[in-house]
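Please read this report with the structure open beside it, and locate each residue as it is named.

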Amino acid sequence: MYKKTQDCKEQLIIDLVVLEQAHKDNRNLYITYIDYRKAFDSAPHSWFIHVLQIYKLDPQIINSLQQLMKKWTTALHVKVKIHRIMSDPIRIQRGINQRDSLSPSWFCLALNPLSYLLNITNYGFGIHSGNQEMQRLSHLLCMDDIKLHAATKSQLQELLRLTQTFSRDIKMVSGIEK
């Protein structure tokens, strides 16, 4: 696990602390959940390459990955009784392969700029130790799920607007129906 990231158990503990503080101190807490629809499949290759450039990866690595992406294909396999039918290769023009070992890390990198934007708003729920605010929690990210936290309805609306704008800009669609 990477430093300064949370797995599911850590996020549940953070949720418990936030809910207990909101209840104990009788403070408002506004939360919304966002699930990206077909998250690994939706962002354009150009965004994934741009993110690698933002993080100043070696240009040769970026170029190699860019060239590999141009060759990504998939095929459909259908088995009918004893016969197997296979489609011609289908070019993958968007997204990254969820089963590839590099993809989860690459996907998290692709959403890091959103995390940064949410953090610099100074919106969120203040987590206290005694009378002192120790941390302001605006969001939790877990792969293709985002949970936004705010102290007021207007803060939550602004965090949501920022998330929607960023998501639209990188061509990702939230699965609101979930």
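## A loop and a surface patch

In this predicted model, Tyr55 sits in the loop that runs between helix α3 (45-54) and helix α4 (59-70). Is this residue buried, partly exposed or exposed? Tyr55 has a relative accessibility of 36%, and because buried means under 20% and exposed means over 50%, with partly exposed in between, Tyr55 counts as partly exposed.

Tyr55 also belongs to a nonpolar patch on the surface, which it forms with Ile54, Leu57 and Ile61. Taken together, the residues of this patch have about 320 Å² of accessible area.

## A hairpin of two strands

Strand β6 (residues 125-129) pairs with β7 in the antiparallel sense, and the pairing extends over 5 bridges. The hairpin made by β6 and β7 has 2 residues between the strands, and within this hairpin Gly130 takes a positive phi near 70°.

Which residue of β7 is the bridge partner of His128? That partner is Glu133, and when residues up to four places away in sequence are not counted, Glu133 touches Gly126, Ile127 and His128. With a relative accessible area of 34%, Glu133 is partly exposed.

## The nonpolar cores

The largest nonpolar core has 26 residues, and those with the most contacts inside it are Trp47, Phe48, Trp106 and Leu148. Several elements, namely β1 (30-37), α3, α4, α5 (103-119), β9 (145-150) and α6 (153-169), each supply at least two residues of this core. Helix α5 gives the most to it, with 6 residues.

## The chain as a whole

The secondary structure of the protein chain comes to 6 helices and 10 strands. Of its 178 residues, 31% count as buried, while the accessible surface of the chain comes to about 12200 Å², with 55% of that surface belonging to carbon and sulfur atoms.

Where the contacts in the chain have a separation of 6 or more, residues 24 or more positions apart account for 66% of them.

Key:
Residues are numbered from 1 along each chain as its sequence is written. This is a predicted model: local features need pLDDT of at least 70, side-chain atom pairs count only at pLDDT 80 or more; totals for chains, interfaces and linings use all residues. Side-chain values use heavy atoms; hydrogens and water are left out. Patches are made of residues with over 30% relative accessible area and no salt bridge: like charges are joined within 9 Å, nonpolar side chains (Val, Leu, Ile, Met, Phe, Trp, Tyr) within 5 Å. Accessible areas come from the Shrake-Rupley method with a 1.4 Å probe; for residues, only the protein chains shown count as cover. A salt bridge is a side-chain nitrogen of Lys or Arg within 4 Å of a carboxyl oxygen of Asp or Glu. Helices (H or I, at least four residues) and strands (E, at least two) are DSSP runs, numbered from the N terminus. Buried means under 20% relative accessible area, exposed over 50%, partly exposed in between (1.4 Å probe, protein chains only). Contact means heavy atoms within 4.5 Å. Two strands pair if DSSP finds at least two bridges between them. A nonpolar core is a set of buried Ala, Val, Leu, Ile, Met, Phe, Trp, Tyr and Cys residues joined through side-chain atoms within 4.5 Å.
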